[in-house]
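Subject: Structure handover

Hello,

Here is the structure for your files. My notes on what was found follow below.

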Amino acid sequence: MSVGDQLGLDDNSELLDQARQKWPAWVAADPRLGVVERFDDLRAWLPSVDSAASDEVLLALAMLAAPDGGDDIAAAAALAKCLLPGACRLAGWLSTLPPREVFRDSQPVAAGSWSAVERIDELVASQLWIEVRTFKWRRLRKVAANILINTRVGVLREVGDFFHVSRADRTWANTTLVESFSSGDLTDGDASAWSAAAMPTERVAGALFHRPEILADAGPEHEEPSATEELLELLAWACENQVISPADRYLLLCLVDEADRVETRNLARGYGGLLSNEVSSRVAPRVGVSEATVRRHGSRSMRALAAAAPRKFGHDE
């Protein structure tokens with residue numbers, strides 16, 4: 001099933017039938033919608049005009065769909081239908097990532113790529129609907145861009161992306177789910193499942209970069225800060241001293257996060273492969289810029305850090 005199927009927005013959709021029937025009344029009430037005679041012609045019209053013209057039409061639909069506007073579910077379905085191409089691209093990007101990386105904190109996904117793809121479609125569809133119904137039409141414009149960006153952020157937060165979760169809930173962002181069991185899953189004979197040898201060490205190790213402090217021991221052998229802690233400390237210091245901006249810090253953390261997921265990196269560009277084509281192609285959709293911009297800003301930030309780091313660690317001569 002696709003994102004559209006998850007929303008029930010196929011050609012035989014009852015909600016879209018309502019939108020077709022209501023279209024003349026909507027046009028009469030808001031002339032901005034009068035660009036086409038029939039609703040079915042709208043999706044073909046949108047890419048044929050500039051963004052300002054299409055935004056006026058989408059804004060009119062967003063107003064009709066909002067609870068504090070027209071509160072019309074059919075209008076929400078019509079707007080979601082117009083935004084399906086962007087939502088499908090988002091789902092396609094998520095489906096290229098390994099399921100164990102995508103669904104870090106989300107509900108378990110059954111084995112098999114089809115189940116993972118279906119779960120992604122469900123998440124994108126549900127988040128798209130939420131954004132369509134809650135769009136702040138009174139103060140925002142760029143309807144398509146804002147809804148799709150917020151959909152991406154919402155989905156990444158839902159599946160446990162550390163940087164997006166930390167913006168909403170720092171406590172949950174720094175919590176590692178070692179294993180999930182429903183009530184009654186463990187019987188008396190399963191007590192050995194909690195032994196150290198039986199724990200899912202690969203999953204725990206994969207989470208350490210994102211939640212480094214959770215499994216840290218307070219013993220003397222762990223008094224030295226980890227590499228991750230040193231990195232976070234350096235970036236915080238760099239922001240405080242205006243060496244880099246908060247946006248630069250976010251980009252660098254995304255680069256490190258994605259590089260950690262790539263088994264083999266091309267080191268030809270330097271910086272330990274952080275600016276490789278594969279890593280930058282993964283980061284670009286997360287930050288909403290081109291791959292070239294990722295590499296350019298990443299390189300600039302790392303040069304600035306390299307120049308300023310001696311001051312941080314007291315190595316100035």
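W23 and F39 are both buried. Please keep in mind that this is a predicted model.

Aromatic rings

The structure contains 2 aromatic pairs. In one of them, the ring centres of W23 and W26 are 6.1 Å apart and the planes stand at 70°, so this pair counts as edge-to-face; the cut-off for that class is an angle over 60 degrees. Both tryptophans belong to helix 2 (residues 14–29), where they sit 3 residues apart, about one turn of the helix. Like W23, W26 is buried.

W23 also pairs with F39, and here the geometry is tilted, with 5.9 Å from centre to centre and 55° between the planes. This pair connects distant parts of the chain: W23 is in helix 2, while F39 is in the loop between helix 2 and helix 3 (42–45), 16 residues apart. Taken together, the ring pairs join W23, W26 and F39 into a cluster.

Helix 5

The other item is helix 5, which spans residues 73–82. How many of its 10 residues are buried? The count is 9, so the helix is mostly covered, buried being under 20% relative accessible area. The buried residues are A74, A75, A76, A77, A78, L79, A80, K81 and C82. At the start of this helix, D72 places a side-chain oxygen within 2.9 Å of the backbone nitrogen of A74, and A74 is itself one of the buried residues.

Regards

Key
Residues numbered from 1 in each chain as written. Predicted model: local features only at pLDDT ≥ 70, side-chain atom pairs only at ≥ 80, totals over all residues. Heavy atoms only, no water. Buried < 20%, exposed > 50% of the residue type's maximum accessible area, 1.4 Å probe, protein only. Helix = DSSP H or I, 4+ residues; strand = E, 2+ residues; numbered from the N terminus. Polar contact = N/O pair within 3.5 Å; in protein donor to acceptor, adjacent residues only side chain to side chain. Phe/Tyr/Trp six-rings, centres within 6.5 Å; stacked < 30°, edge-to-face > 60°.
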